[in-house]
Amino acid sequence: MIRRGAHKNVQALEADIRTWVKNWNEDPKPFIWTKAAEEILDSLARFCRRISGAG
């Protein structure tokens, strides 16, 4: 709903976010990291190097 939804204004987006949170909280699932911290930091470093030369 949030990722692919088209929202005509901020209020519509906010309403969809609130609905998503309400539904999520009814049956929450823990977030599970799929990468080690080192992998995340390496990815961030690559991104920073890539954008550092951008005008």
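Predicted model: local features only at pLDDT ≥ 70, side-chain atom pairs only at ≥ 80, totals over all residues.

Colleague: Okay. Where do Trp 20 and Trp 24 lie, and how many residues apart are they?

Modeller: Both are in helix 1, four residues apart, or about one turn of the helix. Trp 20 is partly exposed too, at 42% relative accessible area.

Colleague: How many aromatic pairs does the structure hold?

Modeller: Two aromatic pairs. In one of them, the ring centres of Trp 20 and Trp 24 are 5.5 Å apart with the planes at 15°, so that pair is stacked.

Colleague: And what about Phe 31 and Trp 33, how are those rings arranged?

Modeller: Phe 31 and Trp 33 pair edge-to-face, with 5.0 Å from centre to centre and 85° between the planes.

Colleague: Is Phe 31 buried or exposed?

Modeller: Phe 31 counts as exposed, at 65% relative accessibility. Trp 33 is exposed as well, with a relative accessible area of 63%.

Colleague: Let's back up to the overall fold. How many helices and strands does the protein have?

Modeller: Two helices and zero strands. Helix 1 covers residues 10-26, and helix 2 covers 37-51.

Colleague: What share of the protein is made up of buried residues?

Modeller: Buried residues are 0% of the 55 in the protein. The cut-off for buried is under 20% relative accessible area.

Colleague: What does the accessible surface come to, then?

Modeller: About 5500 Å², and carbon and sulfur atoms account for 59% of that.

Colleague: Which residues form the nonpolar patch on the surface?

Modeller: Leu 13, Ile 17, Trp 20, Val 21 and Trp 24. Together they have about 420 Å² of accessible area. So Trp 20 belongs to that patch as well as to the stacked pair with Trp 24.

Colleague: Switching to charges. Which residues gather in the patch of positive charge?

Modeller: Lys 35, Arg 46, Arg 49 and Arg 50 gather there, on the surface. Lys 35 sits in the loop between helix 1 and helix 2. With 46% relative accessibility, Lys 35 counts as partly exposed.

Colleague: How many salt bridges turn up in the whole structure?

Modeller: Three salt bridges. One joins Arg 18 to Glu 14, with 2.9 Å between the closest N and O atoms.

Colleague: How are Arg 18 and Glu 14 placed in helix 1?

Modeller: Arg 18 and Glu 14 are four residues apart, which means about one helical turn separates them. Arg 18 is exposed, with 57% relative accessible area, while Glu 14 is partly exposed at 37%.

Colleague: Which residue does Lys 29 form a salt bridge with?

Modeller: Asp 27, with the closest N and O atoms 3.2 Å apart. Lys 29 is partly exposed, with a relative accessible area of 49%. Asp 27 counts as partly exposed, at 49% relative accessibility.

Colleague: Great, thanks for walking me through it.

Definitions and conventions. Residues numbered from 1 in each chain as written. Heavy atoms only, no water. Patch = residues over 30% accessible without salt bridge, like charges linked within 9 Å, V, L, I, M, F, W, Y side chains within 5 Å. Areas by Shrake-Rupley, 256 points an atom, 1.4 Å probe, with all protein chains shown as cover. Salt bridge = Lys/Arg side-chain N within 4 Å of Asp/Glu carboxyl O. Buried < 20%, exposed > 50% of the residue type's maximum accessible area, 1.4 Å probe, protein only. Lys, Arg positive; Asp, Glu negative; His and termini not counted. Charge placed at Lys NZ, Arg CZ, Asp CG, Glu CD. Phe/Tyr/Trp six-rings, centres within 6.5 Å; stacked < 30°, edge-to-face > 60°.
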